[in-house]
Amino acid sequence: MFIKRRSPEDISAAKRDDSLLTSMRDPQLDADRAPNPEWLIIIGVCTHLGCIPFPDSGDWGGYFCPCHGSHYDLSGRVRKGPAGANMAVPPY
């Protein structure tokens, strides 16, 4: 599990990226992934082959999987690389 307390800048960037949904592989609004915007709770496993991504990394400042190069944004949405889906949001 990754539990991240997002700064106001992180929240703003994630919401700004909502405008790019049509270009995302697995489009989801930030509000659907983080109902309380200050906290992002996701299962910290890359959806490609199950590696553990590095937090605060990658091209979008969210997560980067060093195994095969998937990049996730500040909402855990896949943006680049071989992963086909966003990191999962568990029920909470």
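**Cysteines, core and strands**

Author: At 2% relative accessibility, Cys65 counts as buried, where buried means under 20% relative accessible area, exposed over 50% and partly exposed in between, with a 1.4 Å probe and protein chains only. This is a predicted model, in which local features need pLDDT of at least 70 and side-chain atom pairs count only at pLDDT 80 or more, while totals for chains, interfaces and linings use all residues. Residues are numbered from 1 along each chain as its sequence is written, and side-chain values use heavy atoms, with hydrogens and water left out.

Reader: How many disulfides does the structure hold?

Author: The structure holds 1 disulfide, a disulfide being a pair of cysteine sulfur atoms within 2.5 Å. Cys51 and Cys67 form it, with their sulfur atoms 2.2 Å apart, and the link is left-handed, at -110° about the S-S bond.

Reader: And which parts does the pair tie together?

Author: Cys51 lies in the loop between β2 and β3, and Cys67 in the loop between β4 and β5, so the pair ties together parts that are 16 residues apart in sequence. Strands here are DSSP runs of E with at least two residues, numbered from the N terminus.

Reader: Is Cys67 buried, exposed or partly exposed?

Author: Cys67 is partly exposed, with a relative accessible area of 40%, whereas Cys51 is buried at 18%.
Cys46 is in no disulfide, and the nearest cysteine sulfur, that of Cys65, is 3.8 Å away.

Reader: What does Cys46 touch, then?

Author: Leaving out residues up to four places away in sequence, Cys46 touches Cys51, Pro53, Cys65, Ser70, Tyr72 and Ala83, where contact means heavy atoms within 4.5 Å. Cys46 is itself buried, with a relative accessible area of 4%.

Reader: Which residues are in the largest nonpolar core?

Author: That core has 12 residues, including Phe2, Cys46, Cys51, Cys65 and Met87; a nonpolar core is a set of buried Ala, Val, Leu, Ile, Met, Phe, Trp, Tyr and Cys residues joined through side-chain atoms within 4.5 Å.

Reader: What order do the strands of the open sheet take?

Author: The order is β3-β4-β5-β6, with antiparallel pairing. β3 and β6 stand at the edges, each with a single partner strand, so one side of each is left without a neighbour in the sheet.

Terms used:
Helices (H or I, at least four residues) and strands (E, at least two) are DSSP runs, numbered from the N terminus. Two strands pair if DSSP finds at least two bridges between them.
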